[in-house]
Amino acid sequence: MPDYRLFQKEQTVRAVNTERQDQQDALMADGYKKVWDVVHADNADAALLRYQQLRHEEDNAEQNFTNDSVLSSLINLISR
């Protein structure tokens, strides 16, 4: 399974095989920024879907941490 790097410019995200340095250089020269180093996928479309899943998981982890902190604070207040 190939590895892909994800690049983003405004709302556009592109997946490029890590072995295609020429394509990565061209994207960066065009103003794209690397947003994810390595995604394992069968093709570029699958890499983009996996990137969306990973970002969603990150967002959920941050939200869960916030919820856990708030819940912990409430329990501490109630138990006093």
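1. Contact here means that heavy atoms lie within 4.5 Å. On that basis, among the contacts in the protein with a separation of 6 or more, 49% are accounted for by residues 24 or more positions apart. The model under review is a predicted one, and the remarks below should be read with that in mind.

2. On the overall architecture, the protein has two helices and three strands, and from the N terminus on these elements run β-β-α-β-α. Of its 80 residues, 18% count as buried, while the accessible surface comes to about 6,000 Å², with 49% of that area belonging to carbon and sulfur atoms.

3. The largest nonpolar core is made up of eight residues, namely Y4, L6, A15, V39, A41, A47, Y51 and L54. Strand 1 (3-9) and helix 2 (44-79) each supply at least two residues of this core, and helix 2 gives the most to it, with three residues.

4. The structure holds one aromatic pair. The ring centres of W36 and Y51 are 5.9 Å apart and their planes stand at 75°, so the pair is edge-to-face, given that planes over 60 degrees apart are classed in this way. Because W36 lies in strand 3 and Y51 in helix 2, the pair ties together parts that are 15 residues apart in sequence.

5. A search of the whole structure finds five salt bridges. One of them joins D37 and R5, whose closest N and O atoms are 2.8 Å apart; since D37 lies in strand 3 and R5 in strand 1, this pair ties together parts that are 32 residues apart in sequence.

6. R20 pairs with D22, the closest N and O atoms being 2.9 Å apart, and here R20 is partly exposed, with a relative accessible area of 37%, as is D22 at 47%. E57 pairs with R50, with the closest N and O atoms 3.8 Å apart; E57 counts as partly exposed at 44% relative accessibility, and R50 is partly exposed with a relative accessible area of 30%.

7. K33 has its place in strand 3 (residues 33-40) and is exposed, with a relative accessible area of 58%. Not counting residues up to four places away in sequence, K33 touches L6, F7 and Q8. K33 and K9 are 24 residues apart in sequence, yet their C-alpha atoms are 6.4 Å apart in space.

8. A last point concerns the backbone at E10, where phi is near 55°, a positive value in a residue other than glycine. E10 is placed in the loop between strand 1 and strand 2 (12-17), and E10 counts as exposed because its relative accessibility is 67%, which is over the 50% limit.

How values were computed:
Residues are numbered from 1 along each chain as its sequence is written. This is a predicted model: local features need pLDDT of at least 70, side-chain atom pairs count only at pLDDT 80 or more; totals for chains, interfaces and linings use all residues. Side-chain values use heavy atoms; hydrogens and water are left out. Helices (H or I, at least four residues) and strands (E, at least two) are DSSP runs, numbered from the N terminus. Buried means under 20% relative accessible area, exposed over 50%, partly exposed in between (1.4 Å probe, protein chains only). A nonpolar core is a set of buried Ala, Val, Leu, Ile, Met, Phe, Trp, Tyr and Cys residues joined through side-chain atoms within 4.5 Å. Rings of Phe, Tyr and Trp (its six-membered ring) pair if their centres lie within 6.5 Å; planes under 30 degrees apart count as stacked, over 60 as edge-to-face and the rest as tilted. Accessible areas come from the Shrake-Rupley method with a 1.4 Å probe; for residues, only the protein chains shown count as cover. A salt bridge is a side-chain nitrogen of Lys or Arg within 4 Å of a carboxyl oxygen of Asp or Glu.
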